[in-house]
Structures are given as C-alpha cells and as structure tokens.
Amino acid sequence: MKFFIDTANLAQIKEAQDLGVLDGVTTNPSLMAKEGISGDTNVIAHYKAICDIVEGDVSAEVISTDFKGMVREGEALAELDEKIVVKIPMVKDGVKALKYFSDKGIKTNCTLIFSAGQALLAAKAGATYVSPFIGRLDDISTDGLGLIENIRVIYDNYGFETEILAASVRHPMHIIECAQIGADVMTGPLSAIEALLKHPLTDIGLAKFLADHAKANS
Ligand code: G3P
C-alpha cells in the first residue's frame, strides 16, 4: 500500500519524507490556498519545491473545467517534473482529458470521486489513479469505506489497472481499513500517518525497559 501525504505544506512533506514511508504527495487548490500560494509563477515554483523533496508521484490539480483548458494546464504541469501527476476533476470534459492524457502516457489522478459509477468511468478513460473522498462521504452519513470496497470489486472483476487512491482520509482507522479492503494508495494528513505508530503499551513497555536497564547499570 502506498502512503501519500495530502498537503502543500513543505515542512510536513519533508517530515513525512524523513520518516522514510512516503510514496508521494497529493495537493488541491484548497491546500495550495491554505499555504498562501497564489499566482501562476508561485504555484509552479511550489510544485517544483515539492518535487525536490519527495521521490514519488506529486498530484497537481488543474483549475480549468473545459477540455482545452485542462489539456493546456495539464501539459504545462507534466513538463515541470516526471513526478507530476495531472489531477483532473470528475466532470464530462475531465473524462475526455483523462483519455487524452492516458493516450499520451501522462499520469493522471481523477479527483472528486463519490460513486462507483464515477470510478468505473475514470478507469475506462485510463486514469492512473482514482480518488474517492471517503471522509467527505462519512461527513454526510454515507459509507466512505463501502465505496472503496465497491470500487475494489469492480476493478478486480475486469483487471482495471487504475489504482484506488483513498482520499479525504481523516484518521488512522481510515488507513487501516483501507489497507484491509485493498486500496492501492491512501492520502491523508501527517497526523493520521503518525497516529499509526502510537500505542500506550509501547510507551509503558519502553519506559520499563529503560528503567530496568538504568537500574541494572547504576
Ligand atoms: O485529496 C482530497 C482531500 O484533500 C480532501 O480531503 O479532508 O478536504 O475532505 P478533505
């Protein structure tokens, strides 16, 4: 299972990279705005800075919603670095753009996926990744993890190579359950990744080991 971090914050990306378990980064326009990144030149520079930190795929989202605009933006983004994955929203022209980029061998991530039908369409169009937003479905009392299960079944039925990228992950149980279901990738905040390593019995056990060692060596 690949671990992506869902942020445009360079310090957090570096921290996750230094942990040694990071496989990539996902961003979106809201995450870029949160870091105060605006204007084409700054946005491009920021994507380059992210690519310099990580070794894996970096999703960079287009702002256009029409086919021509998505192609123009996506081609410019893809030229920045071979790690760039063009992130495209699930709209009609987005499906056409997924097919266009797939035919050109440019990696894509189809975002804002909230149904199995959308995921099926993205796979048919040749998306490299499909991003179901599980946290936002949970927010409206709908089963986000159930959607991951449904997509897994559909993709396995037909051998689709599109990778299921569980997005809008909010906490460690989302990650664990996505791993049990067989999501190929999860993207979440650093806090959710770091929460995986915590257990009170680990802390208690370590404190006792160190105390016993200190007593024996005093
Ligand atoms: O990758 C999509 C993700 O950024 C959405 O997360 O927490 O805003 O629902 P969230």
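1. At what angle do the axes of helix H1 (residues 10-19) and helix H3 (residues 40-53) cross, and within what distance do they come? In this predicted model, the two axes cross at roughly 15 degrees and come within 10 Å. H1 and H3 are therefore roughly parallel to each other, since angles under 35 degrees count as such, and their crossing is right-handed. On the H1 side the contact is made by Leu10, Ile13, Lys14 and Gln17, and on the H3 side by His46, Ala49, Ile50 and Ile53. Sorted by class, the residues of this contact comprise five nonpolar, two polar and one charged.

2. From H6, the residues Ala116, Ala119, Leu120 and Ala123 meet Leu147, Asn150, Ile151, Ile154 and Tyr155 of H8. The residues of the contact of H6 with H8 divide into eight nonpolar and one polar, with no charged residue among them.

3. Helix H9 (residues 172-181) deserves a separate comment, as His174, Ile175, Cys178 and Ile181 are buried in it. Viewed down the axis of H9, these buried residues fall within an arc of 130 degrees, so they line one face of the helix. Just after H9, Gly182 takes a positive phi of about 105 degrees.

4. Most residues other than glycine have a negative phi, whereas Leu112, which is not a glycine, has a positive phi of about 60 degrees. Leu112 lies in strand S5 (residues 108-113), and at 33% relative accessibility Leu112 counts as partly exposed.

5. Ser168 is also a residue other than glycine with a positive phi, here near 60 degrees, and its place is in the loop between S7 and H9. At 10% relative accessibility, Ser168 counts as buried, because the cut-off for that class is under 20%.

Key
Residues are numbered from 1 along each chain as its sequence is written. This is a predicted model: local features need pLDDT of at least 70, side-chain atom pairs count only at pLDDT 80 or more; totals for chains, interfaces and linings use all residues. Side-chain values use heavy atoms; hydrogens and water are left out. Contact means heavy atoms within 4.5 Å. Helices (H or I, at least four residues) and strands (E, at least two) are DSSP runs, numbered from the N terminus. Ala, Val, Leu, Ile, Met, Phe, Trp, Tyr, Cys and Pro count as nonpolar, Asp, Glu, Lys and Arg as charged, and the others, Gly among them, as polar. Buried means under 20% relative accessible area, exposed over 50%, partly exposed in between (1.4 Å probe, protein chains only). The arc is that of the directions from the helix axis to the C-beta atoms. Axes are lines fitted to C-alpha atoms, for helices over the stretch in contact, and angles run from 0 to 180 degrees between N-to-C directions. Angles under 35 degrees count as roughly parallel, over 145 as roughly antiparallel, 65 to 115 as roughly perpendicular and the rest as oblique. A crossing is left-handed if the near helix is turned anticlockwise from the far one by less than a right angle, and right-handed if clockwise.
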